[in-house]
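Please read the points below beside the sequence and the coordinates.

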Amino acid sequence: MSKKLVKDSEYRSFIQEVKQRIQSAQIKASLSVNQALLQLYWELAERIVEKQRQASWGDRFLEELSRDLKAEFPEMKGFSVRNLKYMRQWFMFWSANSLIGQQLVAQIPWGHNLVILSKIRDIEEALFYVQKTIENGWSRSVLSHHIETRFYYREGKAITNFELRLPALQSDLAKQLLKDPYNFDFLMLRKEHDEKELEDALVAHMTRFLLELGAGFSYLGRQYRLVVSGDEFFVDLLFYHVRLHCYVVVELKAVKFNPEFVGKLNFYISAVDDLLRTEGDKPTIGLLICKSKNDVVVEYALRDLNKPIGVSEYLPQDLLENWRSALPTIEEIEAELGKEVEEPFLLSELRRSHASLTGAEVEIGGLAADTLTPQEKSVMQYFQSNDSMTVKVVGDLLSVKDSRAREILKALTEKGLLLKQGMARSTYYVRVARTIAQAQARLELSGGDDE
């Protein structure tokens with residue numbers, strides 16, 4: 001944009017109007033900070049879009065506007081060029097799609113709005129996450145987690161007999177609270193894990209499991225003891241749901257669904273109703289979580305049961321098995337790149353990293369199942385959706401000091417699972433398998449020479 005714009009009478013009139021709106025919003029902010037701020041952003045974005053359409057002002061206009069607003073309101077944040085562009089994108093998305101959405105988005109913080117704006121393109125899905133954020137008071141990180149795990153597509157998808165076995169109001173709410181599938185990507189499980197390993201892992205990560213289950217679940221215990229006429233029985237996991245006002249019996253199966261599983265769960269529900277349920281509690285419901293299922297078989301199995309039961313699958317993250325299957329052998333790399341490859345640094349480093357990873361992996365996946373500490377496992381799980389990490393990221397992820405974060409990263413580096421790259425403030429860590437894949441690509445592009 002030309003500097004002449006600053007002297008343009010139309011622009012001076014425009015910037016004066018914007019300043020007045022901001023001053024007015026500052027007064028209202030003492031009563032309702034978030035709604036007043038978002039209302040300001042909405043009106044400012046609306047004026048920006050209008051002016052750019054009418055006067056054909058390009059993005060350099062935003063640079064000029066940003067400078068003027070920062071100069072006039074130095075104590076206020078949010079007037080960077082990037083944020084002005086976000087406001088414009090946010091306004092255009094919601095104004096073109098939904099009047100209800102315009103009213104709802106003012107009820108969640110700006111940071112939450114940006115998360116939804118950056119990750120969602122469908123208006124119905126965006127509205128879903130706005131409403132869920134309002135209902136449950138999600139933090140920004142929790143909102144991101146639910147979007148990344150495709151909560152919109154999983155909510156209420158479990159196969160149940162609730163409509164036949166529960167009052168209408170409780171049936172609708174109970175069905176809405178169950179998901180299919182459940183995402184257990186926060187667990188480090190062997191590919192051929194059993195129920196005990198699955199249960200142990202879920203209990204060890206109960207906070208993450210409760211987040212995946214959803215709002216309202218309160219954990220009461222594992223292998224919960226029930227005594228029926230002198231005989232002992234043990235429920236895998238027992239919860240109480242504070243919104244449904246009922247007990248929830250959860251049974252885990254690390255195999256494909258079998259109709260006999262629901263017969264056992266039906267018995268547990270009856271026992272909990274008789275032994276634990278009080279006058280103020282609603283009927284107990286059961287949730288069977290299996291590794292896989294045939295939906296038609298599940299529907300047949302639930303049809304004539306007299307207790308309310310839902311059946312879902314879970315998606316494990318077979319982390320170590322995936323690494324192992326995806327990691328090429330040194331022989332495969334040499335065969336691909338040619339027998340006579342010069343390897344003074346890169347391939348020799350590749351050999352060392354490969355040997356370290358596979359050696360550590362055998363220990364983790366074999367007898368020494370506790371090779372990684374819970375904090376180290378959390379760091380490795382981070383790499384399922386991220387390419388690299390720094391000391392600060394580890395500190396924030398685990399809520400530990402930088403010194404402790406460095407110790408964890410050093411331990412993982414010594415175990416051959418991570419590689420340290422860069423120096424001083426530029427230091428970051430990457431997963432070994434990713435580094436090897438990059439090394440292959442570089443060698444292929446360079447014909448074997450690496451400088």
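1. Ile-289 counts as buried because its relative accessibility is 0%, where buried means under 20% relative accessible area, exposed over 50% and partly exposed in between, with a 1.4 Å probe and protein chains only. Ile-289 is found in strand β6, residues 285-292, strands being DSSP runs of E of at least two residues and helices runs of H or I of at least four, numbered from the N terminus. Contact here means heavy atoms within 4.5 Å, and, with neighbours within four places in sequence left aside, Ile-289 is in contact with residues including Tyr-182, Phe-184, Leu-252, Lys-253 and Tyr-314. The C-alpha atoms of Ile-289 and Lys-253 are separated by 6.2 Å, although the two are 36 residues apart along the chain.

2. On provenance, this is a predicted model, in which local features need pLDDT of at least 70 and side-chain atom pairs count only at pLDDT 80 or more, whereas totals for chains, interfaces and linings use all residues. Residues are numbered from 1 along each chain as its sequence is written, and side-chain values use heavy atoms, with hydrogens and water left out.

3. Arg-154 lies in helix α9, residues 151-154, and is buried, because its relative accessible area is 5%. Not counting residues up to four places away in sequence, Arg-154 touches, among others, Asp-180, Tyr-182 and Glu-212.

4. A search of the whole structure finds 21 aromatic pairs; rings of Phe, Tyr and Trp (its six-membered ring) pair if their centres lie within 6.5 Å, and planes under 30 degrees apart count as stacked, over 60 as edge-to-face and the rest as tilted. Phe-93 and Trp-94 form an edge-to-face pair, at 5.0 Å centre to centre and 85° between the planes. Trp-94 is buried, with a relative accessible area of 2%.

5. The charged end of Lys-253 sits over the ring of Phe-261, 4.8 Å from its centre, the criterion being that NZ of Lys or CZ of Arg is within 6 Å of the ring centre and within 35 degrees of the ring normal. Arg-150 lies over the face of Tyr-153, at 4.4 Å from the ring centre.
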